[in-house]
Amino acid sequence: MPLDTSTYSLAHLRVDGRRWNELRRVHGQISTQAAADGSSYFEMGNTKIICTIAGPQEQRRGGNSGQSHDAKVEVEIGIAGFSGVDRKRRGRNDKRIQEMQHAIASAFTHTLFTHLYPHSTITIHLHVLSQDGALLAACINAATLALIDAGIPMSDYTAACTTGSTASYASNDEAADPLLDLNSMEEQELPFLTLGTSGGDDQVSLLIMETRVQATRLEAMVSVGLDGCRQIRSLLDGIVRAHGKKVLEARVT
Amino acid sequence: MANTIPLSPAELSYLHTSLSQTPPIRPDGRSPTQFRPLVAETDILPSANGSARICFADGTEAIVGVKAEVEKSSARPGATTDDIFKNSRDQDGDVDVDREESDKEGKGRDEWLEIAIEIPGMRDDDSLPVFLSAMLTEALLSDGGLKDRLWINSRFHWRLYIDILLLSQPRSYPLPLLSLTTHLALISTRIPALISEHDEDPLFNDDWEASTFLYPRSGELQARSKPPVTLLVVSIGEAVLFDPSRDELAVCDSAMAISVAQSAGAGLKVVALRMIDPPSRLTAGGVPQVLNSTSNPAATASLSPAEALVLREKDQGQTVWRPPRGGVRRAIISRIIKMVVENNGVGEEVIAGLAGVEA
């Protein structure tokens with residue numbers, strides 16, 4: 001579906017009416033499922049994800065001999081057939097899904113205190129119910145919330161968002177603006193990257209870019225992305241605090 | 001199922017005894033036909049034609065999304081001149097709804113419905129998901145009304161994809177959860193209203209407000225037609241228990257999945273019935289006192305294996321737990337069917353309860 005980005009230069013409004021630095025509506029819930037060790041529901045615009053955590057639990061047999069002294073982080077992503085515009089079923093061995101699983105696992109291996117749980121596995125199940133851009137970023141944010149619900153110690157929130165650039169690689173447009181939090185129509189048309197940070201002072205824990213962009217535009221995109229991650233981080237913090245308050249109030253009464 | 005039963009023979013025996021009382025005493029104090037409380041919502045996904053989510057009391061959760069796509073019908077052998085003749089008769093202009101409905105009859109085909117079940121930690125071709133999807137498909141197709149409704153005209157039809165996601169590890173047998181969620185998703189499924197007539201390429205009204213429900217809600221006759229629900233029923237001794245918990249499944253004599261559907265203008269009818277291998281068969285039996293080598297070592301030491309077997313068989317589960325054997329009596333099966341389909345029976349109660357769920 002080609003997207004007409006030419007109107008952007010007129011009013012500086014994007015197809016869904018946002019300005020360049022505006023996030024979509026973010027909504028999150030914690031402890032959505034009683035059977036899981038930790039669970040969360042996260043929405044970024046129309047991207048909706050349910051995350052459940054199993055573990056830390058005894059390491060499953062097989063794999064790397066079980067001799068490691070750190071907990072292993074495993075990620076399983078299931079993209080529902082009805083999540084997109086057309087129904088499409090993706091197998092578990094889809095290369096793109098495997099790459100996302102690896103990226104998420106390595107990002108969380110750094111922020112979680114895995115040395116506290118030797119010989120064990122933490123499994124993150126992500127169920128994508130509806131996708132509209134920023135899939136990887138939404139998965140990471142949902143996993144952060146669910147890991148907090150599971151009570152697994154971590155150094156900081158891992159918050160992620162996407163940034164893009166208004167001009168494609170081919171058009172040599174000098175006045176290209178960076179854009180924050182692309183939806184799926186924009187993602188198909190424009191170059192974009194996914195950025196994840198953890199730690200207060202903008203430590204990048206994940207940066208993935210699959211499209212081509214001119215190197216001069218990259219700096220602006222990353223700095224907008226860092227700002228977006230800061231916003232997401234405070235939103236996640238708000239969700240956690242609101243949930244904590246609710247739990248404490250239920251205890252008191 | 002991966003989950004083993006964490007109960008000792010003594011505990012199993014206790015549960016079995018209390019459940020075979022009249023009336024049975026269930027561990028959670030429910031009556032035999034009472035269901036556990038559940039949380040349900042419909043129309044949760046904007047990208048699906050119909051969707052539902054159900055969360056059971058034990059924490060298991062399922063989401064079902066129904067998606068419909070228009071597909072070109074392949075030529076069907078044996079239905080050529082008859083169809084053309086029928087369509088030429090319709091040229092007189094307005095077609096009333098009843099006529100249209102009866103025109104669709106018998107034109108649906110089984111392959112227009114596709115069910116996929118995803119259970120975490122299991123492959124798509126593992127026995128549990130394959131068995132569950134076969135059971136759910138069987139019930140939906142034998143209803144008959146559903147596949148006929150997917151017919152658009154002689155060249156096009158709807159293809160219905162039902163994706164069932166179990167979000168948690170299966171704690172007990174997940175069949176009732178998946179079936180109830182599918183029922184809920186199907187009654188909330190809407191398909192765009194058709195504008196084009198007869199055998200033209202189908203053209204649809206793009207106003208979602210004008211879309212029609214796959215299972216109509218208003219109108220006298222059709223409103224009564226409802227998708228099937230599959231209920232899990234266990235029998236323990238003479239007792240029949242609905243919505244068994246994990247502990248109850250662990251001691252049941254037999255378990256069966258019974259699918260009932262409500263067809264237009266008629267009451268409930270059974271559309272599918274399957275016996276399920278109950279997990280109680282995998283439990284370990286207890287050791288009768290006469291064979292206890294700790295309390296009477298002298299007596300048991302002299303026993304040959306054949307004699308020990310005879311003694312064990314003689315006990316017949318009277319003093320210690322013995323895994324159930326054999327099938328179920330016909331009288332119990334007919335009682336179960338009667339309890340489900342009778343007026344104001346369990347089937348009607350479940351369907352009425354699900355109809356009350358709001359978006």
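A salt bridge is a side-chain nitrogen of Lys or Arg within 4 Å of a carboxyl oxygen of Asp or Glu. Select Asp163(B) and Arg87(A): their side chains meet in one, at 2.9 Å from N to O. The rule finds one salt bridge across the interface of chain B and chain A.

Before you go on, a note on the model: it is predicted, so local features need pLDDT of at least 70 and side-chain atom pairs count only at pLDDT 80 or more, while totals for chains, interfaces and linings use all residues. Residues are numbered from 1 along each chain as its sequence is written, chains are lettered from A and ligands numbered from 1 in the order in which they are written, and side-chain values use heavy atoms, with hydrogens and water left out.

Now show both chains. How many residues of chain B are in contact with chain A? There are 32, and they touch 24 residues of chain A (contact means heavy atoms within 4.5 Å). Together the two chains bury about 2100 Å², 52% of it on carbon and sulfur atoms (buried area is the accessible area, with a 1.4 Å probe, that two parts lose on being put together, summed over both). Next, pick Lys67(B), Glu118(B) and Leu167(B): in chain B they lose the most area to chain A, together 23% of what that side buries.
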